[in-house]
Amino acid sequence: MSGLLETPTRPVPPSERHAQGAPRHRLVASPAAWLVWGAVVFFFVNLAGIVGSVLVSSFGTRWFGTWLPEGFTTDWYGSAWEDFNLLQVVLVTLQVSLLVVLLSVLIGAPAAYVLARRAFPGKRLLMLLFLLPVLMPPITYGIPLATVLYKYGLAGSVSGVVIANLVPSVPFVILTMTPFIEQINPTIESAARMCGASTRALFSRILAPLLVPGILAAAIIVLVRTVGMFELTFLTAGPTSQTLVVKLFTAMSAAGIRAQQGVDAMAVIYTTTMLVLLVVALRYVNPTQLVARVREAPED
Amino acid sequence: MTSGGVATGRLAVRHRLAERGIDRQLWLLLPALAFIGVLFLYPFLYGLGLSFQPAEGGFLASYQAFFTDPYQVGTVWNTLRLALPAALINVLAAVPIAHRMRGRFRGKRVLTTLLVVPITLGTVLTAQGLLNYLGPTGWFNRILLSTGLVDDPVRLTNNYWGVLFSLVITGFPFAFLLILAYLSGIDPTLERAAATLGADWRQRFRRITLPLLAPGLATTFCLTFVLAFSVFPSAILVGNPAGETRVISIAAYQAAYERFDFSLASAIAMVMAAVELGVIALVLLWRSTLYKGSTGGKG
């Protein structure tokens, strides 16, 4: 598809031509290009089918063995909202994710600063330690963690869910913010020190303003991850502390009791929320930058 | 006098520590360190200890119970059978697409966003969509039936394939983003130099791009493998959780929350961690034999 767009029939703007160095001129896309774009199109067609079928079903009345439902209605959204007590679920989801974001930034940012700026004995080991919770499947530490939380009576409440979700979030903030802090010129800090700034003033007046983009990036990724995090919330949540994903899963695995379309409607609500979050995230976060951290992250 | 001596002594110690990079600024690490210690290491070690304290039998009884029951041991194979192909497909599909996306063309941003959108679907909508779309009366089978390609509906849900599709859909965006980043970190002039020397695109890819990309491929494989290995909701929703897609996390979950045998559950969790870290260690070992120098690019 877009491989064709590389043809020179469209005049290349001077700025673009300059940035690319030498513009590529190709009259016909190669067979390999056709194959790749064909695969992409096939992927999207099926993806559209998957998303579309849920969307159509959530607006449909009765749908059995036909191409389209018999009629269309928006009733499922209203009844899903009522049946699943979604207002409370959405409030809990908001509460949990905002608390997780706030706490993980507060705990993670100072550590990220030290890891970005300083060299000290045992730094490698510490990096590995911070990497482990991201590398391990949530179930492996989630089950022991839930057991411990139950032992101390914390599981089943919103605070238990927040604590469990912090475990992968804090390392994530550290891993995301370290490259951001490395980009800030250390001479700025030295200059502030020379002018007599204390450590606290240094953080609040010099570093914090410079770090706002990094904090925002980390916060948004943690937010998206927490809203989407299933396993840890599922293992630690009680009936009143379920987030949207967990509610969705329990509603769907108990299918048959309620109409399928109600679950479809709830899934659409969930995906719309996530889509808004992702679009906001992509405005602030450059995915390429995000990934740069992973390069040095694991191993030796 | 003595107090002055102590003070200078303390100062000297502090000075010597500072020379080795240890000073008061390291206190900033404390919250994160304490957090990881209390909420990750302690529960993990607690679980490890719990796995050696079964309700009855010797200290290895939980592991014995897991490894002697073919229904339980089979879950390791079930998980690997899903996670390895899913991670491989994601990485191998992402390479050519990301390779095509390197240049500048109109609509690149839109296309990138579209490729990343499946992240937002979440496991449940993906599962629901797969059941609706690929099910016996879904659009996919209707198209196949009406074009006469098949006589009976193809069975793609509630079995191995449904879970594999779900893992590919949710894992691909991550693999794609990572590989796009690695590829754009490779200096394009290297390839142009090779082209000047008469290398065709196949040679350029094999001799220039691939060696520089390989470490990135290994890392991407590890990360998508981690995602796929912890498959849990989709194995229940679109798979056959009692049979061929009874993955290891289901076994751990059932042991903990259906049989309330926390020792067995912890033992399964430990086996799960060991298998996963084993695969990652193998990949990283292979990665350490690769060229890891500068890619000459901006990255």
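**Close-up views of a predicted two-chain packing arrangement**

**View 1. An aromatic cluster drawn from chains A and B.** In this predicted model, one aromatic cluster is formed by F230(A), F234(A) and F249(A) together with F232(B), Y253(B), Y257(B) and F262(B). Over all chains, the count of aromatic pairs comes to 25.

**View 2. The aromatic pair Y141(A) and F40(B).** The two rings are edge-to-face, with 5.4 Å from centre to centre and 70 degrees between the planes. Y141(A) belongs to helix α6 (residues 138-151) of chain A and F40(B) to helix α2 (residues 30-51) of chain B, so this pair joins two chains. Both Y141(A) and F40(B) are buried.

**View 3. The aromatic pair W161(B) and F165(B).** Ring centres 6.3 Å apart and planes at 35 degrees make this pair tilted; edge-to-face would need an angle over 60 degrees. W161(B) and F165(B) are 4 residues apart in helix α8 (residues 160-184) of chain B, a separation of about one helical turn. An α-helix has 3.6 residues a turn, so residues three or four places apart point the same way. W161(B) is partly exposed, at a relative accessible area of 42%, and F165(B) is partly exposed at 30%.

**View 4. The largest nonpolar core.** This core has 175 residues, and M101(B), F176(B) and F225(B) have the most contacts inside it. Helix α4 (residues 86-117) of chain A supplies the largest share, 15 residues. Domain 1 (2-73) and domain 2 (80-296) of chain A both contribute residues, so the core lies between them. In soluble globular proteins, nonpolar side chains tend to be buried together.

**View 5. Surroundings of M101(B).** Apart from neighbours within four places in sequence, M101(B) contacts W37(A) from chain A. In chain B, M101(B) is in contact with K108(B), L111(B), T112(B), L115(B), F176(B) and L180(B).

**View 6. Helix α5 of chain A and its packing.** Helix α5 (residues 123-135) has 13 residues and reaches 18 Å from its first C-alpha to its last, close to the 18 Å expected at 1.5 Å a residue. Its buried residues are L126(A), L129(A), F130(A), L131(A), P133(A), V134(A) and L135(A). Within chain A, the buried residues of α5(A) pack against α4, α6 and α7 (158-183). In chain B, they pack against α2, α10 (201-229) and α13 (262-288).

**View 7. A charged side chain over a ring.** R225(A) lies over the face of F172(A), 4.2 Å from the ring centre.

Definitions and conventions. Residues numbered from 1 in each chain as written. Chains lettered and ligands numbered in written order. Predicted model: local features only at pLDDT ≥ 70, side-chain atom pairs only at ≥ 80, totals over all residues. Heavy atoms only, no water. Core = buried A, V, L, I, M, F, W, Y, C linked by side-chain atoms within 4.5 Å. Buried < 20%, exposed > 50% of the residue type's maximum accessible area, 1.4 Å probe, protein only. Domains from an automatic or database assignment. Contact = heavy atoms within 4.5 Å. Phe/Tyr/Trp six-rings, centres within 6.5 Å; stacked < 30°, edge-to-face > 60°. Lys NZ or Arg CZ within 6 Å of the ring centre and 35° of its normal. Expected span 1.5 Å × (residues − 1).
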